[in-house]
Structures are given as structure tokens and as C-alpha cells.
Amino acid sequence: MNRELSIRITGEAGQGMQTIGIALCQLYKDNGLHVFACPDYMSRIRGGNNFIQVRVSDQPLHTLRQKADIIVALDKPSINIHTKNLTPSGVMILDKTKFAIVDNNQSFLDVPMYSMAAQVGGNELFVNSCAFGVVASLTGIDFKEVEKVLRSTFDKKEESIITKNIDVARAGYDFVLGKIKDKKFFLSPGSREKYLLMNGNEAIALGAIKAGVKFYSAYPMTPSTSIMTTVAHFALKHNIIVEQAEDEIAAINMAIGASFAGVRAMTGTSGGGFALMTEGVSLAGMTETPVVVVDSQRPAPATGFPTRTEQADLNLVLYAGHGEFARVIYAPGTIAEAFYLTIKAFDVAEKYQIPVFILTDQHLADCYRNIPAFDLNGIEIKRHIISKEESKNVRDYKRYQLTESGISPQAVPSWIEDVFYADSDEHTEEGHITEDAGVRTAMVEKRFHKKMEALKKQIEKPTAENIEKAEVVCLGFGSTYGVLKEASRAVKNKKIGFIHLSQVWPFPEKEIAGLLKNAKKILTVENNAGGQLAALLRQQTGIKVDGSILKFDGRPFDLDFLIEKLSKEI
Amino acid sequence: MATIPDFKSHDEIAWCPGCGDFGILNALQKALVRLNKAPKDILMVSGIGQAAKTPHYVKANCFNGLHGRALPAAIAAKIANRNLTVIVTTGEGDCYGEGGNHFLHNIRRNVDITLIVHDNQIYGLTKGQASPTTEVGLKTKVQTEGVINIPFHPLEAAIALGCGFVARGYSADSEHLASLIVEGVGHKGFSLIDVLQPCVSFNKVNTYQWYAKHIYKLEEGYNPSDKMAAYKKAQEWSERIPLGVIYKTEQPTFEEKSGIDKKIPLVDELIEHIDIQEEMESFV
């Protein structure tokens, strides 16, 4: 019995690897196992080489392994591309007849997947369901579980199609049963608890719906698009308008317009689109209009790697928008954090009337993991605008009234009897254009100093693990949480500890300085080339790191890579 | 009954003496009186430029946003609260230049708002450079040998894009312009009113005298629902320039197509206790 396995399904874009990969996650999750899956795809709809890697274990998983124990090649080029990623005792499943291969490589398991798909299902397109059956059989999962998952995976299709998928899977399943007698790849069954199977973007979307988003405007951009599609999927029931903008400039200005009119509004994009939004970010700062913006990072500059991952927009989001104004940047490390921090982002944006950013990346956006259900009862949603009821008593309203806290009560147009003015020019308390030096100073202090002061009092605490006795303390933000956690635990004798920041601005200066007080050696672990977190740490605390483990090949950190790097540091 | 002073703000006007904007402001206030709406139910949205200052001089809610970006903010505010009467005041540089993409796509969206473009064929606030509608040959400090680009034709473009209300007014005829604004606001869907306007400081060609010689009001019996005739009418420029509703057609609005007209306004949705149990369960 195996404690854990990694399974990779690979082929060309359009062969349904993602569908089968997620179905595998569902299969193992439903059988009491923990999963972590990450799609690796190219920026094309057909052809090329894509894969999805599913890691399965009887223990909770937080990251990926570098190699796979089972690789299913759905096309011939996949064999050469992925052989190097097969573990020494692993198996490569392939269709020798279809691919015209005579090589008797010991790790090959020849399964006539294409002819089974064609004969049983009537079409070679069913090959992915055959692969599904093969993997399920190889790992010792009961066929009735396979059937159940295929039914739910294809529940939008007509019955005859579902049946064909099941029949083809059965053929693959039985073929392996007849061929493989040992239980080399069997997984030990786990306890069946109720888990959600979700990726980071879906969690952000659900968080936004729970937080009361009523207007989501965006231009589709990988890897942020599935936030928009997930909100859209549930929009009708919750009376949410999801509007596809003509460009990202429109997207953020729309969100700001909707927010000015009194609804919770959000936009999402990736680095290139975010660059276009930056003037709008500044507008939100100046007009003190709440807005939540997701930057789901991908490798840049320019178009970069559209479908891959990086953490190189930290500086961009920190400094986006001309001028000085308060902002908050969250960098969720887990799928659950993506959900809860999105809810918090809406609350903080509205309370302080500022832009709040969720800095995520393709890795967190697209990775699936089984997670406990969210604690919905523990969430309190509270509005910070002048309510319709309170609006009746408002007189002589000034949108930018100077207050001790820097926050002026936000009215909703038409709810109060007065009219009011909001302006992107420097403005008086009434919102009219001014060039007065005294007013300017007071307004900057309001928008920037006073709000920042208040925001520093409610920073998300960093997570710290094993930093007391560690020889090396690693520091990361955003999607590296999982790999930091597993790698630090995996290195022998607890020599590695880690700190993870899920809020990078305002920077948790005091907390981090306290946590690093006795650290012998500090390393940042970042998915970028510049060590942007290390620079921010030094800027905010004066602490200089001893080094950075940087990865900027467009691929996420995996457990084996980080363990190898860390082992050299102790 | 409201009167013009009911729609005047206390903000000091920062336009040049004799500016065409005064006539547009006057017409707008007259129209607001006739529309019989409370100032609190009106939202004026603008971008940047001389025209974009207009909302500050009107007693109504105002969102004075970014250069070129009035339309996205305006349509979203209307979607958020469909009970607001939303009017955008913008210049031709703001709307047809900087914000050209939003002009194009918001005609397609057909949200029920009114767009008033102060079109003086020159950049005023940046001191006299060519605008998208400046005629070929006009010399400026930037276009020193005269403008060489083909002027943008807003009315033709709007008709071609399927805008349901396309009109042209003139700033010096505020009575006529006021009636266009009333009709534009009353029109269900996106309405464009391009307003010809002299720039007394920087445009020495398209002056009050020049306009007096060229403009005429559409003749009685003109049928604005004939799209091809309207397109032809919109092309008239060099000899005579028509004023009035050039093209008008009824078509479903964004509000109707999206279904928000049948639901409570988004802004009235209570969000404190949104139940997402079922949505979460769909991920089990």
C-alpha cells in the first residue's frame, strides 16, 4: 500500500486531460484520500503538450511533487517529454499500437486505449475515459466509484454519452485487472470525511458572492478568468451583474462607478490588464471609492507566459497608480485563505473607502485541493455605508468631510436628500475642484496618513512554523505557503522553519521583526527573479536576508525542488 | 415646480468668458427643470476637460472621474441603481479621443443613459491642439502645418454602431438644445447628443459667425427612423449642418436584456445574510 502517489495525465490540448484530472481528484477525495492537483497548460486550444498532475495521499497535501509514479500518455510526443519525470519504479501507460512504438522499455505498460475507445465507445475521443478507468484500476479503486464520478463529471451530457464514457472506462479498468496482478500502485483507503474540491479562483469567486458583490466587471485574462466565470455561474440567483468590459480600463472604471452608486464591486485580471488599470486604482484612491481588485499573476514582462505562474507583480501592485494613497494587499496562501481574505477585502475596502488588492497567481488560481467546508456561520458581513434608513436624517452632507479618523461617511446617491460631488481633481470637503494648499494638505493626510495608520492596526498576522529552533527561517508570501509548509517539515531534524505573509501591505513590520528576532539565517522563497519580498522586508524593517531561493521559469515550486535547495542551506 | 436656480450649484464657474459651455449648461438646467426630477435622483458623470467641469455647476449628484472614462463609470452606476437618471457631459477629446473605445462599446451595451458631448473641434484645457473632430488644414502649435488626419464623424459612427438616439445641438441655441436633452433623457436606451460649440480662446475657424452661416434645423416632416436617410443626413457638413434628432429607434436596453429591470435595483439588495451553502455544496 502506498502512502502517496503522483499521477500525471498528458497529451495535446483538447484531449480532456483537465476533465479527467479533476475527475481523478473527485474519485480519490470521495474515497477518503487527500488530493492536490495542478494543471500545466499551454496558451493554445488544440495541440502542443499539456498535462495535469494529481498527487494523492492519506495525509493532507499542500503542494506538488516533481515526478510522477504513473504517467498516462495520450499522444506519442508526451512519452519523450515526460519520461524524465517518471519515478524509478513508476509506470508509463501508453498505446503502443496507436503510437507505433516497438520499444520494450520496462516502465511501459501498453494499453490499447485508442482501440478500446473506438470499439466500445464508437469514437477515439473517449480515450480519456479509458485512461481514467486504467488509473482507477491500477490504484485499486472500486469500479462503482469510477462510474459514480463519471456520471457526475458528464452530468450535463445525454445518457448515451455518459454510458459510453462508463463503458470505455470499464474496458480500460478490466484490461488492467487482467494484466496487472500485484498491488504496487494501490492506495491505502482513508476515512470518508466531507471535503470540498476547489481551486483558488473558485474560492475567490465564492468569497465575493458571500461578501455581497453585486457588480463584477472584467476583461477575460488568463489566469484570472475563472473568477469571472464562477461568479457568472451563480450570478442569476444572487442578482449579480457580471459585465465583460471592452478593456481593463473600462473594467476598473465600471467597478468604481458601480461602487460609487452604492454596490460592492470587483474586478479581476492578470499583470498586463492590471497595468492598464493603474490609473483607475489611483482614481479609487482619490475619490475614496471602495473597490476590490484581483491580480492573478503570470510570468511577464508584456505577454510573458500567459498560462504559467510567477510572483513578480508584488512591486507593481505595491506602487500601482500615480500619487500617494492608502491601499491594502492580501496574498492568500491557501484556497481557504483566498475565500476568507476576499470577504475581508470587501469589508476593508468599504470601511476605509480604498482599493484593496488580492494578489494571487496561476498556481493558486488553478490548483485543486480537497479542503474542509467553509465556516459560513462564523462570517459576519456588515456594510459601512450610510444605510437607507439613516439616510433620511442626513443634512448638509459633504462627501469628503474631514474627520479625526480620515474616513468620511459614504452616502448613496438618491438615498439622501442632498446631492453630493466626487472628484478625481483635488477637492474640497464638498467634492468641488480646488487648488488650495491647505485643503490639499488636509486631504492627503486624510487619504494617506490617517487611513494607513488605521489599517496598520488590523493587519493579517503572518503564519509562522518552527522558527524557534530552526537553523534557517524561510519567508514567503502568496501561493508558496503549501510548499514552504511541506518542505520545512520534510527536511530532517526540524532545521527549517518558515513565515508566510498573507498580507503584504501594510507590511506587518512589528510582527515580522519580532518573529525574526532570533533567526540565525533568513531566506526568502519567491517565484520571481528579483527577490521582491526580500527588498520589501529590508525597506520596511531594515532586516537584510541571507539569501533568496528564487524560481522564475514560469513553473511553481514543487516539494522536491525546495527540499533540494534547502538541504544545501543547512 | 422646480426652476433653474434649483439646479444651480454654488461652485464658481471656471470657463472662459463667452465659452460655448455656458449655453450648454443653461440648456441642461432648463432641461432638468422640464424633466421634473429631483436633483438627488440625477447623477452627472464626467471625465476631464472643460466640458467635464459641467457637473460641478449643476445641483445634482456628480462623479467627475478620469480623462476618457466617464462612460464606464456612468453605465455601471446606472446598472447599480437603475432609478438614477444618468447624464454624461464630456468633450469630444474626452469621449471620442481618450475614451473612444468606451464610446464604441457603450453604444453596443445600450444602457439607458444620456451622453452630451461638447464638441468645439479643438482642445481647450490643454490650450489649442487638434481634437478628433478638428477639420483638416487647421494649424495649431502641434499641428504646425495643419491637421492631416481625417476628422472623426460622431453621428455617422453612432448610427453605424446602432445607437438608438443620435442628435446634434448647438450651444448658442439653448432652447433647442434643452428640448434635445429632454428627448434624449426620455429615450429608452443610450442617447448621444453631439453639441457644436465655439471655443472663443482657441478655435478661430468654427466661431459663432461661422456656425450662424452653416447650421439649420431639420425640416418639419424629417423622419428620424429611416436609418439610411439618417446616415446621409449625418454626413452633411461642409455647406449646411443639420441640428435636431437625426436618428431615433426603439430597441431593448441593457436593463431589459439583462433582466435587471424586473428585479430590485442592485443597490437595494441586502447583503448581510447571503446564503451560499448550496453553492459551496456544489464543490463537494
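Analyst: A nonpolar core here is a set of buried Ala, Val, Leu, Ile, Met, Phe, Trp, Tyr and Cys residues joined through side-chain atoms within 4.5 Å. Buried means under 20% relative accessible area, exposed over 50%, and partly exposed in between, with a 1.4 Å probe and protein chains only. The model is predicted: local features need pLDDT of at least 70, side-chain atom pairs count only at pLDDT 80 or more, and totals for chains, interfaces and linings use all residues. Residues are numbered from 1 along each chain as its sequence is written, chains are lettered from A and ligands numbered from 1 in the order in which they are written, and side-chain values use heavy atoms, with hydrogens and water left out.

Confidence comes next. The scores are ipTM 0.98 and pTM 0.97.

Now the strand itself. Helices (H or I, at least four residues) and strands (E, at least two) are DSSP runs, numbered from the N terminus. Strand 4 of chain B spans residues 114–119. Six of its six residues are buried, so the strand is largely enclosed by the rest of the structure. In a regular strand the side chains alternate between the two faces of the sheet. Both faces of strand 4 of chain B are covered. Thr114(B), Ile116(B) and His118(B) are buried on one side. Leu115(B), Val117(B) and Asp119(B) are buried on the other.

Its partners follow. Two strands pair if DSSP finds at least two bridges between them. Strand 3 (residues 85–91) of chain B pairs with strand 4 of chain B in the parallel sense, over five bridges. Here Thr89(B) stands opposite Ile116(B). Strand 6 (residues 191–196) of chain B also runs parallel to strand 4 of chain B, joined by six bridges. In strand 6, Ile193(B) is the bridge partner of Ile116(B).

Contact means heavy atoms within 4.5 Å. Beyond its neighbours within four places in sequence, Leu192(B) is in contact with residues including Leu115(B) and Val117(B). Tyr96(B), Phe103(B), Pro154(B) and Phe165(B) are also among its contacts. The largest nonpolar core has 154 residues, and Phe374(A) and Leu192(B) have the most contacts inside it. Helix 13 (residues 335–352) of chain A gives this core its largest share, ten residues. Apart from this core lies another, of 63 residues, among them Met17(A), Val35(A), Leu74(A) and Ala136(A).

Lys127(B) lies in the loop between strand 4 and helix 5 (154–161) of chain B. Most residues other than glycine have a negative phi, and most peptide bonds are trans. Lys127(B) has a positive phi of about 75°, although it is not a glycine. Lys127(B) is exposed, with a relative accessible area of 60%.

An open sheet of eight strands has the order 6-5-4-1-3-2-14-7 in chain A, with mixed pairing. Its edge strands are strand 6 (108–110) and strand 7 (195–199) of chain A, and each pairs on one side only. Strand 1 (residues 4–13) and strand 4 (residues 68–73) of chain A pair in the parallel sense over four bridges. Within that pair, Arg8(A) has Ile71(A) as its bridge partner.
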